[in-house]
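Let's take a friendly walk through this model. Have the sequence and the 3D view ready.

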Amino acid sequence: MRGTGRAGGLVLAVAVGTAVLTGCDRGADAVTAERPLLVAAAADLRPAFTELGASFEDATGEEVVFTFGSSGQLAQQLLEGAPMDLFASANAAYVDRVIDGGVGDAATQRTYAFGRLVLWSRADASSRWEDLDALAADGGPTNLAIANPDHAPYGQAAAEALRTAGILDQVRSKLVYGENVADTQRLAATGNADAAIIALSLAVAADEAGEGRWTLLDDRLHEPLQQVLVVTATDPDRASLAGRFIDHVSSDAGRGVMRRFGFLGEGEDPPATWER
Amino acid sequence: MSLTVDVRASVGDPLSPSGAFHLDARFEVAGGLTVVAGPSGAGKTRLLRLLAGLDRPSDGRIALDGEPFCDLASGVHLPAHERRIGMVFQQPFLLPHRSIRSNVALAVRTGTRADRRDEAMELLEQVGGVDLAHRRPGQLSGGQQQRVALARALAGHPRLLLLDEPFSALDVPVRDRLRRIVRDLVSTAGLPTLFVTHDPDELLVLADRVLLAEHGRFMTVTDPDGAIAAMRAPGPQDRPAR
Amino acid sequence: MDLFPLLLSLRVAALATLITTVIGVSGAYVLARLDFPGRGLLEAVASLPIVLPPTVLGYYLLVVLGRTSPIGRAWEAVTGGPLVFTWQAAVIAAAVASLPYTLRAATAAIAAVDTAYEEAARVCGLHGARLAITVTLPLAARGIVAGISLAFARALGDFGTTIMVAGNIPGRTQTMPIAVYDRVQAFDYATAGLLAAVLAAVAIIVLLGVRWLERSTT
């Protein structure tokens, strides 16, 4: 009898504790404008947008929260009803798909930057490959990481670049796929892949930590990585807040940050310091 | 009181040494303590289970004072929990997670929680187990547990008491004591009782009358010596395998 | 360290475990004590979440709970927003993923209870739910509790299914396992390691607590 009493007491404690913890969150669940701005952004934007999010908060006092992932997966989630206010994709096709699916305001659709590919490997790697042909030659890497072409625009571009360079068939057996371009870099950074084709923005961010060596790839090898965004908020207040964030990104200061992180504007050339 | 039994059921596993056979019990028993005796495998336990409602007969009728427990012809089958019968098995089957008093109180069917507890204490007193009230079954000996099982069986003011070799697992002196308690209880309460045993001494001490079981059939016996001789005869289990 | 993922994970796991305990124990009683046609099939289907990859499970949950599904639409009609990508969806994901642990352990534990105890209790007048609660379940308690604690640990650690139906929204649906993943994606290994260690410590404390509780009641 005593045993059941104690077990019952514990169940009660858990139930009460749960109710309390549940109660605490009521505010965050309410659909109010006091919620932070929710931005779904392609994985390659993490370094740039994290900084821009912080400067936006400093400037306006409004909090921004990011979900980074592969553009294809984010598009999928938005179509399933994910409550994000802004979608910054790594290509145009996924934005089109989202808009076709009835999510997002087509009028707010715009290109915010162009992405570039680099061939990247760890700073302390014993071998280095300066260009794509070296990947297929003797002494090439045992495995080469690219983002999954099925749903990551940088992966599609990487596969396209390999095909255009004429070496896709030779390196196919060496390919390993990252879920998104950041995951791809991690594969090379942890030594699980000898080299990776990733976004310039991620290579630049890794430079800050002195972590890698890379070569910029010719952008004529692939379709332009036209990075497009669209406002997906349905509530007008949140849509206007999203608009303010877009303005912040597109401002002169914002463009400077984007450029520094490897996102070029239309017709811009990469700064000389990047040519390695 | 009158217990009328007229049932058929199949007993046993066709693959076991004693084989499967049919139970066909037709008898009537008046009050007092009836010993159900007979060799192992004769169907005694099965009979008690049928009376308790734990098993269903394939055909027939059981009635207590004219009220049917089951009547297959008219589709009546009173479930075990509604028959108001007390039963003591070979093992006590007391709930190990409850105190002795609580075990007995569970079987008291009416009253508030306090009433049931009081009644449980009275019953424990009748079987000489009051000082066991706050212990747990795991702390008791086999004999003590069977005392409690007996108290529990009496808790619901049963109309019929069934005991299936309740003391066979216990030592002789313990058995003697408990037998005496049963005899006294049955006499004072005037409770009709069926007591299965295959110990001839128990038969002598307890029986007001004897129901002899043999291969699924039951006969009222008036000659105790004849009954004892039959009990000592080898049962189907004891026969050499064919 | 941001406490939100930890608090969210604890809340999600606690609620999911409450749900799976009720469904798992009552379902186990039926499976162990009742015989009906299709019982084997039902048992097999109920064990699917263990067998299926978490993302496959997440996909099917998305189909069942998504905006175009009957459940999703009903939810949206009542609350004004979709069910998916909320913390409630995370609870459902964790509950579905961890239910088989409770169900299987409880079914085995209940089936192992000697029916003689139940028969003796029946003759004493107990039946139905009272019989189950007074006799069968306490006798099966050891195995049931083991199953529940395993289910809790599983619910606490769910990743693949949760991220499919609830997403990775910081401050909303980012549970601890997802937060660890997110930190790794951001190359912030230090924080990832800290979060992982905290999660492991919490799980260990809870499991030890359950053991202590078990010991002190037997």
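## A charge over a ring

Start in chain C: the charged end of Arg11(C) sits over the ring of Trp87(C), 5.2 Å from its centre. Sitting over a ring means that NZ of Lys or CZ of Arg is within 6 Å of the ring centre and within 35 degrees of the ring normal.

## How to read this

This is a predicted model, where local features need pLDDT of at least 70 and side-chain atom pairs count only at pLDDT 80 or more, while totals for chains, interfaces and linings use all residues. Residues are numbered from 1 along each chain as its sequence is written, chains are lettered from A and ligands numbered from 1 in the order in which they are written, and side-chain values use heavy atoms, leaving out hydrogens and water.

## Rings that pair up

Over all chains there are 12 aromatic pairs (rings of Phe, Tyr and Trp, with its six-membered ring, whose centres lie within 6.5 Å; planes under 30 degrees apart are stacked, over 60 edge-to-face, the rest tilted). Phe49(A) and Phe66(A) have ring centres 5.9 Å apart and planes at 50 degrees, so this pair is tilted.

Both Phe49(A) and Phe66(A) are buried (under 20% relative accessible area, with a 1.4 Å probe and protein chains only). They also belong to one aromatic cluster, whose members include Phe56(A) and Tyr112(A).

## Where A meets C

Chain A brings 30 residues to the contact and chain C brings 31 (heavy atoms within 4.5 Å). One salt bridge crosses this interface: Arg46(A) meets Asp182(C) at 3.2 Å, N to O (the rule is a side-chain nitrogen of Lys or Arg within 4 Å of a carboxyl oxygen of Asp or Glu).

Conventions: Buried means under 20% relative accessible area, exposed over 50%, partly exposed in between (1.4 Å probe, protein chains only).
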